[in-house]
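Subject: Structure handover

Hello,

Here is the structure for you to work with. My notes on what was found follow below it.

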Amino acid sequence: MANTATIEIDGNKYEFPVVKGSENEVAIDISKLRANTNGVITVDPGFKNTGSCESGITFLDGEKGILRYRGYAIEDLADKVDFLEVAYLLIFGELPTKEQNDKFHDDIKAESAVDEDIKKILDAFPKAAHPMGVISSLTSALTAFNPSSVDVDSEADMYKSVVRILGKMPVLVAWTMRKKQGQPLDYGDNSLGYVENILKMMFSRPNSCYVQNPVLVDALDKLLILHADHEQNCSTSTVRIVGSSHAGLFASLSAGISALWGPLHGGANQAVLEMLQAIQEDGGDTKKYMAKAKDKSDPFRLMGFGHRVYKNFDPRAKIIKKAADQVLHDLGINDPILEIAKGLEKEALEDPYFVDRKLYPNVDFYSGIIYRAMGIPTEMFTVMFAIGRLPGWIAQWREMRLRKEPIGRPRQVYIGATERKFVPVEER
Ligand code: CMC
């Protein structure tokens with residue numbers, strides 16, 4: 001592969017360096033394009049061909065179905081370590097020693113209290129508010145309660161903000177869910193592991209002792225690991241671009257949560273379950289919905305299918321499918337929704353429309369089935385994704401700040417009106 005790429009414009013040739021990633025990914029560095037060509041830029045809607053940064057956090061190969069965090073295969077991580085170790089790995093670059101892990105967890109626990117006044121903000125939301133909107137708002141509100149976490153430049157200040165948000169986010173999530181259910185808002189139990197504590201905070205009842213179910217702890221741990229990072233996706237790019245203006249970590253995360261909410265991104269897990277329920281209520285005719293998904297005049301898409309990057313299979317979906325089977329088996333649940341999901345998957349994998357477009361089940365096709373089995377309300381599914389993605393967003397935000405990346409500010413090709421004469425209101 002040549003070291004330079006040549007672009008010819010109006011008979012003039014311009015050379016640009018070709019850069020290679022550590023996994024031999026090739027990119028043309030066009031950072032000097034506009035300056036050297038007197039104003040020429042590139043256009044790439046949806047950034048399908050654009051690398052927005054150099055990053056050392058997550059590698060994925062969509063053709064081969066490979067996903068690695070900091071060089072470690074997702075299959076190994078999901079099997080051998082827990083969510084907090086993965087969080088540490090993503091954020092700081094190495095798997096923690098036992099001491100580092102204990103300290104990390106202790107520091108997170110020490111920051112897990114949330115100002116009681118946050119409850120007043122929560123109170124102001126109508127009961128019907130979508131939890132993603134609530135969580136995004138509360139995360140943003142945390143900046144007001146923790147002003148020292150806004151303008152963080154040193155590694156020490158960043159660390160403080162990181163453990164703060166990792167400690168407080170599960171409380172915000174549990175409170176948001178419990179508020180909707182009319183349950184008392186309290187804090188978890190700092191003697192528990194991170195994931196056990198999340199489950200207890202969500203599901204404990206005031207009049208009974210919460211008993212942990214190791215099957216659920218393990219399944220949630222896996223789900224959070226699988227969602228922990230996915231390089232420059234929509235919400236992560238949002239976090240990086242908001243953070244590039246030196247907005248604080250919490251404000252950047254709040255924006256990321258809003259980006260994740262959309263049904264084409266994290267909101268797909270809620271959309272998948274609602275789709276499966278709708279098919280069930282409509283008599284369970286999967287063929288009818290397959291036809292709708294293929295009909296270009298029908299806006300319906302098979303939720304949980306397709307991925308911007310994975311054009312072979314989503315390695316996370318493979319792990320999750322197994323976990324879903326395990327959870328349903330261990331809990332003795334016979335969920336008819338799962339049968340519909342399996343039916344749709346089988347038909348789609350054999351259908352030329354899906355095969356030709358390389359549309360395979362993605363991570364969210366099965367995650368909702370596990371969340372449902374755990375008793376998590378459908379509207380909370382994307383919030384669970386957000387807890388999982390938190391370390392990834394933090395790692396990417398931290399990397400962006402430490403590399404002193406410039407403010408994100410894309411260009412455009414203007415297609416509006418050219419200069420016009422102003423017309424006073426009486427003459428319009
Ligand atoms: N059902 C039916 N047709 C589809 C689907 C689908 N789920 N996904 C893509 N297509 C078709 C699309 O209509 C297009 O067809 P044609 O070439 O004839 O115009 C072709 O496949 C390529 O689709 P695209 O929209 O150009 O692909 P994209 O890379 O821009 O979009 C996607 C990727 C994930 C937004 C899309 O596949 C989709 O909308 N899927 C359903 C939503 C979903 O499950 N999202 C979760 C993604 S995984 C979790 C996460 O990372 O956030």
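In the hairpin formed by β1 and β2, 2 residues lie between the strands, and Asp10 has a positive phi near 50°. Please keep in mind that this is a predicted model. The two strands, β1 at residues 4–9 and β2 at residues 12–20, pair in the antiparallel sense over 6 bridges.

Strand β5 covers residues 66–69 and runs antiparallel to β4, with 4 bridges joining the two. Thr58 stands opposite Tyr69 of β5.

Next, the ligand. The shell around the ligand has 22 residues, of which His265, Lys296, Arg301, Leu302 and Gly304 come nearest. By class, the shell divides into 9 nonpolar, 6 polar and 7 charged residues.

- Arg301: 2.7 Å
- Arg308: 2.9 Å
- Arg357: 3.0 Å

Taken alone, the ligand exposes 940 Å², and 79% of that is buried by the protein.

The last item is the annotation. Which residues carry the feature "active site" in UniProt? The record, an unreviewed entry, places the feature at His307 and Asp364. These residues are spread over 58 residues of sequence, yet they cluster in space, with a largest C-alpha distance of 10.5 Å. Of these residues, His307 is included in the lining of the largest cavity. In terms of secondary structure, His307 sits in the loop between α13 (286–294) and α14 (315–330).

The "active site" positions, His307 and Asp364, come from the unreviewed UniProt entry. The coordinates come from a predicted model.

Regards

Key
Residues are numbered from 1 along each chain as its sequence is written. This is a predicted model: local features need pLDDT of at least 70, side-chain atom pairs count only at pLDDT 80 or more; totals for chains, interfaces and linings use all residues. Side-chain values use heavy atoms; hydrogens and water are left out. A residue is near a molecule or strand if one of its heavy atoms lies within 4 Å of it. A polar contact is a pair of N or O atoms within 3.5 Å; within protein, one must be able to donate a hydrogen and the other to accept it, and residues adjacent in sequence count only if both atoms are side-chain atoms. Accessible areas come from the Shrake-Rupley method with a 1.4 Å probe; for residues, only the protein chains shown count as cover. Ala, Val, Leu, Ile, Met, Phe, Trp, Tyr, Cys and Pro count as nonpolar, Asp, Glu, Lys and Arg as charged, and the others, Gly among them, as polar. Two strands pair if DSSP finds at least two bridges between them. UniProt positions are given in the numbering used here, feature names are shortened, and annotations may be inferred rather than shown by experiment. On a 1 Å grid over the protein atoms alone, a cavity is a set of points where a 1.4 Å probe fits but cannot get out, and a pocket is an open set with protein on both sides within 12 Å along at least five of seven lines; lining residues have an atom within 4 Å of a point.
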